[in-house]
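Here is a short briefing for a first look at this structure. Keep the 3D view open and follow the points in turn.

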Amino acid sequence: SRGWIVGDMGLAAMTTDGGENWSRVAISGEEPFKDIFFVGDAGWIVGDGGLILHSDNGGKSWDKQASGVRGALLRVFFLNRDKGFTVGTDGTMLKTDNGGSSWEVVSLDWIKFLPVDLIEKGVVSINLYDIFFSDESSGWVVGDNGAVLHTSDGGKVWGVSQIGSFPPIFSVFFKS
């Protein structure tokens with residue numbers, strides 16, 4: 001029955017009654033928050049300017065984690081309390097294996113992935129809008145130009161399932 005929403009200008013609100021009532025939660029700053037994800041009492045919020053906030057007490061308090069990037073982070077997904085990923089603008093993908101104590105950039109070879117016609121138009125990376133893992137191994141990322149990236153090894157190696165001159169894909173979900 002507990003839930004969270006986040007939004008523009010630092011909006012964060014939670015419910016403890018299945019969404020009947022929402023209470024705003026004060027989190028410092030007025031950054032646009034883009035996404036929130038919880039595993040038990042551990043939570044993460046991502047947003048503009050490479051923002052990553054973390055709570056280990058169910059959202060009672062939040063601390064910044066260093067992302068090392070400046071672009072907007074649009075989605076965050078954790079497989080467990082330690083292993084997580086976040087994706088965002090300009091092809092940004094980060095991963096952590098320690099709950100976000102440190103984040104590292106996942107290198108994606110966009111020149112190898114992108115079709116020649118996009119590169120000729122000056123596209124050198126794309127925005128990534130969502131990430132989802134159906135289990136510890138299988139994950140997907142979606143983004144601009146109909147991009148669908150896939151991993152079958154828990155995010156060590158990512159390959160392109162499709163990319164081209166298609167509309168952006170904003171969300172991905174799998175159910176086993």
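Among contacts in the chain with a separation of 6 or more, 36% join residues 24 or more positions apart. This is a predicted model. The chain holds two helices and 15 strands.

**Overall form**

- The chain has 176 residues and a radius of gyration of 16 Å, which agrees with the value near 16 Å for a compact globule of that length.
- The C-alpha trace spans about 50 × 35 × 30 Å along its principal axes.
- Of the 176 residues, 50% are buried.
- The accessible surface of the chain is about 9,000 Å². Carbon and sulfur atoms contribute 50% of that surface.

**The sheet from β4 to β7**

- Four strands form an open sheet in the order β4-β5-β6-β7. The pairing is antiparallel.
- β4 and β7 are the edge strands, and each pairs on one side only. β7 covers residues 63-64.
- Strand β6, residues 51-55, runs antiparallel to β7. Two bridges join β6 and β7.
- Leu-53 has Lys-64 in β7 as its bridge partner.

**The sheet from β8 to β11**

- Another open sheet of four strands has the order β8-β9-β10-β11. Its pairing is also antiparallel.
- β8 (73-78) and β11 (104-105) stand at the edges. Each has a single partner strand, so one side of each is left without a neighbour in the sheet.
- Five bridges connect β8 with strand β9, residues 84-88, in the antiparallel sense.
- Leu-73 has Gly-88 in β9 as its bridge partner.

- A search of the whole structure finds 15 aromatic pairs.
- A pair of aromatic rings is described by the distance of the centres and the angle of the planes.
- The ring centres of Trp-4 and Phe-38 are 5.5 Å apart. Their planes meet at 25 degrees, so the pair is stacked, as planes under 30 degrees apart count as stacked.
- Trp-4 lies in strand β1 (residues 3-6), and Phe-38 lies in strand β4 (residues 33-39). The pair therefore ties together parts that are 34 residues apart in sequence.
- Trp-4 has a relative accessible area of 14%, so this residue is buried.
- Phe-38 has a relative accessibility of 23%, so this residue counts as partly exposed.

**Aromatic pair Phe-132 and Phe-173**

- Phe-132 and Phe-173 form a tilted aromatic pair. The distance is 4.9 Å centre to centre, with 55 degrees between the planes.
- Phe-132 sits in strand β12 (residues 128-133). Phe-173 sits in the segment after β15 (159-162). The pair therefore ties together parts that are 41 residues apart in sequence.
- Phe-132 is buried, because its relative accessible area is 13%, under the 20% limit.
- Phe-173 is exposed, because its relative accessible area is 60%, over the 50% limit.

**Aromatic cluster**

- Which residues form one aromatic cluster? They are Phe-37, Phe-77, Phe-85, Phe-132, Phe-133, Trp-158 and Phe-173.
- The tilted pair of Phe-132 and Phe-173 thus belongs to this cluster.

Note on methods
Residues are numbered from 1 along each chain as its sequence is written. This is a predicted model: local features need pLDDT of at least 70, side-chain atom pairs count only at pLDDT 80 or more; totals for chains, interfaces and linings use all residues. Side-chain values use heavy atoms; hydrogens and water are left out. Two strands pair if DSSP finds at least two bridges between them. Rings of Phe, Tyr and Trp (its six-membered ring) pair if their centres lie within 6.5 Å; planes under 30 degrees apart count as stacked, over 60 as edge-to-face and the rest as tilted. Buried means under 20% relative accessible area, exposed over 50%, partly exposed in between (1.4 Å probe, protein chains only). The radius of gyration is taken over C-alpha atoms; the globule rule is 2.2 Å times the number of residues to the power 0.38. Contact means heavy atoms within 4.5 Å. Accessible areas come from the Shrake-Rupley method with a 1.4 Å probe; for residues, only the protein chains shown count as cover.
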